[in-house]
Structure formats: structure tokens, C-alpha cells
Amino acid sequence: LTEMYSALKAEVELTKATQLNHTVLDSIRESDHILVCGQALSHCVSSTTIDMIDNMSGEEHKVMLLEDCASSVGGFESVGEEFKKYVKEKGGKVCVSTTVLDEL
């Protein structure tokens, strides 16, 4: 057994079914903009987004994290803040839902 915080792959890839899902990733990459939100910022959202960014070289700028549409698990707020820094450092944007359309 392995945990899957990411929607794209397991924490420990044991079988083909737990490895990076290229079909889903390729489908996401077809988008001009990738709006990211959900629960929890510190765990599932960050794991999925990091897996996505790490596997879409040259397209990181498409990622737009809606920081007001996600929150960290209590006690893990610093992990969520580090994740937001990561998104920015990789070329993605961190924005809010009320102004995201202005940034497209």
C-alpha cells in the first residue's frame, strides 16, 4: 500500500498504477491556463501541483494558484506558504479568485 496525496502519482510508486499518470498530465497540459484550488493546500493541492510543474518543463507559467480557494491543514500553514513560494519561483502565479480573470 502507498499513499496518494497527489492526483498524479503515489508518494511511493510501487506499480504502474501508482506511477505518474501521463494521460492525465498530458490532458492538463493542453490547457492555456491551469487554475489550481482545493483542499488541502499543504498536502494534496501542493503534491499534485508540484508533480504537475516538475513534469511540464517550459509550461510552468500556465499554473495559477488561487490562494483564496485553498487552505492548509491546521499546523501545516508554513508548508502551504512554502508551496506558494515554490509556485512563484517556478514561474507560476499566485492570485485570488476575484482577480484571476484579469490576469488571463
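**Close-up 1. The salt bridge of E13 with K9.** E13 is partly exposed at 38% relative accessibility, a class that lies between buried (under 20% relative accessible area) and exposed (over 50%), with a 1.4 Å probe and protein chains only. Its side chain meets that of K9 in a salt bridge of 3.2 Å, N to O, where the term requires a side-chain nitrogen of Lys or Arg within 4 Å of a carboxyl oxygen of Asp or Glu. K9 is likewise partly exposed, with a relative accessible area of 23%. The model is predicted, so that local features need pLDDT of at least 70 and side-chain atom pairs pLDDT 80 or more, whereas totals for chains, interfaces and linings use all residues. Residues are numbered from 1 along each chain as its sequence is written, and side-chain values use heavy atoms, with hydrogens and water left out.

**Close-up 2. The salt bridge of K84 with E81 in helix 3.** Both residues belong to helix 3 (residues 77-89) and are three residues apart, about one turn of the helix; helices are DSSP runs of H or I with at least four residues, numbered from the N terminus. The closest N and O atoms of K84 and E81 are 3.0 Å apart. K84 is buried, with a relative accessible area of 12%, while E81 is partly exposed at 42%.

**Close-up 3. The salt bridge of E82 with K85.** The closest N and O atoms of this pair are 3.4 Å apart, and the two residues, three apart in helix 3, are separated by about one helical turn. E82 is partly exposed at 47% relative accessibility, as is K85 at 45%. Elsewhere, salt bridges that share partners join R29, E59 and K62 into one network.
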